[in-house]
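Here is a walk through one protein model, from its overall layout to its side chains. Keep the structure open as you read.

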Amino acid sequence: MLAAAVLLLLSFAAEKRKGRALQAETVDSGIAEAEGDIDWFGAPEIDVELLTVNPYSRPGIALKAVKGIVVHYTANPGSSAMANRNYFENLKESQDRKVSSHFVVGLDGEIIQCIPTKEIAYASNDRNTDTLSIECCHPDETGEFTEDTYDSLVQLTAWLCKRFSLDRDDVIRHFDVTGKNCPRYFVEHEDAWEQFKEDVQTRKKEIISAENGKKS
């Protein structure tokens, strides 16, 4: 019964995600994937709010490949996913710096996609060219994510790992690229980081198992 329930939930989520994403990764991007090229099974619900192509947050440069996923935190306690997305968008006007992320996960677990997964984001320094980035909102200075943020991050990361044939060791922190204390809670609590990667691996296996069950 549990396996059947998981299969039904993941199948429903995939159909809902696909229905909401007819514009996803095809809007304003000549190199983006066609809708039919994406396997949505196991994907969380994603609000696609792509940035305008500009030199400061969405340069429109193609990724060489997707070889990893980099987890970040916003370092802006209490800010929302949309506020962070809009900050990236407004950089085309302010020209203050070059920064962005493929996805932002909010305090209530909402997920906003800012950049197609075939383009680079300005997030992970010398790994910008071969990784996807996920920024996560957090309620306070500790950097610890809410339960809703954590659950959405696990689901999103697990789905991306399945989609791009990545394993737990391909999921890294910004800290692992530059030594920056980001995402703070996962840097200062190594046990929490290891548990997160284990949760991602478990969720990925559940998605694959449920998808195989749907096909059989």
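## From layout to side chains

Along the sequence, the protein runs in the pattern α-β-β-α-β-β-β-α-β-α-α-α. That makes 6 helices and 6 strands. Bear in mind that this is a predicted model.

Start with the overall packing. The protein has 216 residues, and buried residues make up 50% of them. Now take the contacts between residues at least 6 apart in sequence. Of these, 75% join residues at least 24 apart.

Next, find helix α3. It spans residues 147–163. The helix has 17 residues and reaches 24 Å from its first C-alpha to its last, close to the 24 Å expected at 1.5 Å a residue. α3 is mostly covered, with 13 of its 17 residues buried. After the helix comes serine 165, and its phi is positive, near 55°.

What does α3 give to the largest nonpolar core? This core has 39 residues. The ones with the most contacts inside it are Ile134, Leu153, Leu156, Trp159, Leu160 and Phe196. Several elements give two or more residues to the core: β2 (68–73), β3 (103–105), β5 (131–136), α3 and α6. α3 gives the most, with 7 residues.

Leaving out residues up to four places away in sequence, leucine 160 touches Ile69, Phe103, Leu132, Ile134 and Leu166. Another core lies apart from the largest one. This other core has 11 residues, among them Phe88, Leu91, Val99 and Val104.

Turn to the aromatic rings. The structure holds 7 aromatic pairs. In one of them, the rings of tryptophan 40 and tryptophan 159 have their centres 5.6 Å apart. Their planes lie at 20°, so the pair is stacked. This pair links distant parts of the chain. Tryptophan 40 sits in the loop between α1 (2–20) and β1 (47–48), while tryptophan 159 belongs to helix α3, 119 residues apart. Are the two tryptophans buried or exposed? Tryptophan 40 counts as buried because its relative accessibility is 3%. Tryptophan 159 counts as buried too, at 1%.

Phenylalanine 186 and tryptophan 193 form a tilted aromatic pair. Their rings are 5.4 Å apart, centre to centre, with 55° between the planes. Phenylalanine 186 is buried, with a relative accessible area of 3%. Tryptophan 193 is buried as well, at 2%. Both residues belong to a cluster in which ring pairs link Phe145, Tyr150, Phe186, Trp193 and Phe196.

Charged side chains come next. How many salt bridges does the structure hold? There are 13. One joins the side chains of lysine 92 and glutamate 89, at 2.8 Å from N to O. Both residues lie in helix α2 (residues 81–94), 3 residues apart, about one turn of the helix. An α-helix has 3.6 residues a turn, so residues three or four places apart point the same way. Lysine 92 is partly exposed, with a relative accessible area of 26%. Glutamate 89 is buried, because its relative accessible area of 9% falls under 20%.

Another salt bridge joins the side chains of arginine 168 and glutamate 198, at 2.7 Å from N to O. Here the pair links distant parts of the chain. Arginine 168 lies in the loop between α3 and β6 (171–173), and glutamate 198 lies in helix α6 (residues 190–215), 30 residues apart. Glutamate 198 is partly exposed, with a relative accessible area of 38%.

The side chains of lysine 197 and glutamate 194 meet at 3.7 Å, N to O. The two residues are 3 apart in the helix, about one turn. Lysine 197 counts as buried at 10% relative accessibility. Glutamate 194 is partly exposed, with a relative accessible area of 32%. Finally, see how these residues join up: Arg168, Glu194, Lys197 and Glu198 are linked in a network of salt bridges.

Technical notes
Residues numbered from 1 in each chain as written. Predicted model: local features only at pLDDT ≥ 70, side-chain atom pairs only at ≥ 80, totals over all residues. Heavy atoms only, no water. Salt bridge = Lys/Arg side-chain N within 4 Å of Asp/Glu carboxyl O. Helix = DSSP H or I, 4+ residues; strand = E, 2+ residues; numbered from the N terminus. Buried < 20%, exposed > 50% of the residue type's maximum accessible area, 1.4 Å probe, protein only. Contact = heavy atoms within 4.5 Å. Expected span 1.5 Å × (residues − 1). Phe/Tyr/Trp six-rings, centres within 6.5 Å; stacked < 30°, edge-to-face > 60°. Core = buried A, V, L, I, M, F, W, Y, C linked by side-chain atoms within 4.5 Å.
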